[in-house]
Structures are given as structure tokens and as C-alpha cells.
Amino acid sequence: MATMRHPVLPALLLAALAAAPVPAAARVSAGEVPEVGVREKLGTVMPMDTLLRDERGQAVRLRDVVDKPTLLLFVYYRCPAICGPLMREVARNLDLVDRQLGKDYRVVTVSFDPAEGAELATTTKGEILGTMTRRPPDDGWRFLTGDEVSIRVLTEAAGFGFKWDDDSDSYVHASSLIF
């Protein structure tokens with residue numbers, strides 16, 4: 001049985017969150033349902049038939065890429081602030097774990113920007129996986145995109161709120177890791 005050098009994988013991965021402060025607009029008070037931020041939805045079953053696009057532009061259903069324990073990240077690939085550092089920190093921490101990415105578990109990154117497509121997903125995948133010392137198999141960490149409806153279905157099921165901000169010409173959002 002494989003062992004982990006660091007006994008608590010979630011603690012390592014949550015360190016990635018510490019590297020990226022939550023924008024003021026994403027902070028919410030207790031009991032408030034956030035428009036932007038993360039609302040915990042323990043026990044929620046993700047809509048596995050949601051149709052997305054993979055890095056090659058091929059249609060995939062969420063169930064096609066989630067066939068073992070999975071770490072899910074909602075990002076947007078052109079994010080000017082927290083998404084790149086989050087993905088790089090996750091990659092750095094995954095290099096410290098004895099479990100094999102792609103064999104023992106998967107990572108699925110979904111862009112919540114419907115304007116982003118396969119070309120940008122492929123570029124981002126190359127950049128992020130290029131930082132890893134133990135590069136996973138191609139299907140170990142997937143970088144997906146989707147249309148507005150599919151993205152909303154997934155993000156609402158997960159409790160991940162975001163919105164476009166015209167003043168900053170970017171999305172206002174928090175960072176999260178969902179297991």
C-alpha cells in the first residue's frame with residue numbers, strides 16, 4: 001500500500017489557499033448566501049452528466065473524468081490574481097504526496113469563464129504540469145471548459161459563486177479546493 005510522506009493530504013492542499021487572499025467582495029457573513037464566494041454544500045452530489053470540453057476540445061461528461069477520488073478546482077485560466085498561484089501551489093503540493101496522480105486520484109480543473117476554450121486549457125495545462133517534478137499521465141489532471149449553462153450547473157451544485165466585474169474587467173471570485 002502506498003503511503004504519504006505527509007500524512008494529511010488535505011492540509012497540504014489547503015496550504016494553497018493560504019497563498020491567495022480572498023477578495024473583499026468574496027467574503028460573506030455567517031448565514032449569508034454568497035453571490036461571490038463559497039457556500040459549503042456537504043453531501044451534495046455533483047451533476048455527473050454535465051457536458052464539458054476537454055483540452056482537445058472533445059465533449060466529455062463530468063462522469064467521464066471523475067472515476068476515482070477527485071480534487072475539483074474552479075478557476076479561470078486568464079485570471080490575473082489567484083487562479084494561477086492556486087494551481088501552481090496545488091501542483092507543488094501534489095509532488096510531495098506518494099499517492100500517484102492519475103492512478104490513485106485525479107484533479108479536475110474547470111474554467112468558469114465560458115469564453116475560454118480548449119486552446120487556453122491546453123496552454124494552462126502545459127504550464128501547470130510543467131512545474132511538477134513528477135508529471136502525471138495526461139488523464140491525471142484534466143483542464144476543462146464549458147458553456148455558460150454547464151458552468152452554472154456545476155458551480156451552483158458545488159456552492160461556488162462568482163461574477164463579472166466591469167470595473168476591473170475580470171471575475172470576482174474566491175479560491176477553493178473541493179474533494
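Colleague: What should I know before we start?

Modeller: This is a predicted model, where local features need pLDDT of at least 70, side-chain atom pairs count only at pLDDT 80 or more, and totals for chains, interfaces and linings use all residues. Residues are numbered from 1 along each chain as its sequence is written, and side-chain values use heavy atoms, with hydrogens and water left out.

Colleague: Why is G161 called buried?

Modeller: Buried means under 20% relative accessible area, exposed over 50%, and partly exposed in between (1.4 Å probe, protein chains only). G161 has 8% relative accessibility, so it counts as buried.

Colleague: What is G161 in contact with, neighbours within four places in sequence aside?

Modeller: Contact means heavy atoms within 4.5 Å, and on that basis G161 touches E35, V36, G37 and H173. G161 sits in strand 7; strands (E, at least two residues) are DSSP runs, as are helices (H or I, at least four), numbered from the N terminus.

Colleague: How do you know that strand 7 and strand 8 pair?

Modeller: Two strands pair if DSSP finds at least two bridges between them. Four bridges join strand 7 (residues 160–165) to strand 8, so the two pair, and they run antiparallel. Within this pairing, F162 stands opposite H173 of strand 8.

Colleague: What makes strand 1 and strand 8 edge strands?

Modeller: The open sheet has three strands in the order 1-7-8. Strand 1 (37–38) and strand 8 (170–173) each have a single partner strand, so one side of each lacks a neighbour in the sheet.

Colleague: Why is R106 called buried?

Modeller: The relative accessible area of R106 is 7%, so R106 falls under the 20% limit.

Colleague: What makes the R106 and D67 side chains a polar contact?

Modeller: A polar contact is a pair of N or O atoms within 3.5 Å; within protein, one must be able to donate a hydrogen and the other to accept it, and residues adjacent in sequence count only if both atoms are side-chain atoms. The R106 and D67 side chains make such a contact at 2.7 Å. A polar atom of the R106 side chain also lies 3.0 Å from the backbone oxygen of D139.

Colleague: How many residues in the lining of the largest pocket are nonpolar?

Modeller: The lining has 15 nonpolar residues, along with four polar and three charged ones. Ala, Val, Leu, Ile, Met, Phe, Trp, Tyr, Cys and Pro count as nonpolar, Asp, Glu, Lys and Arg as charged, and the others, Gly among them, as polar.
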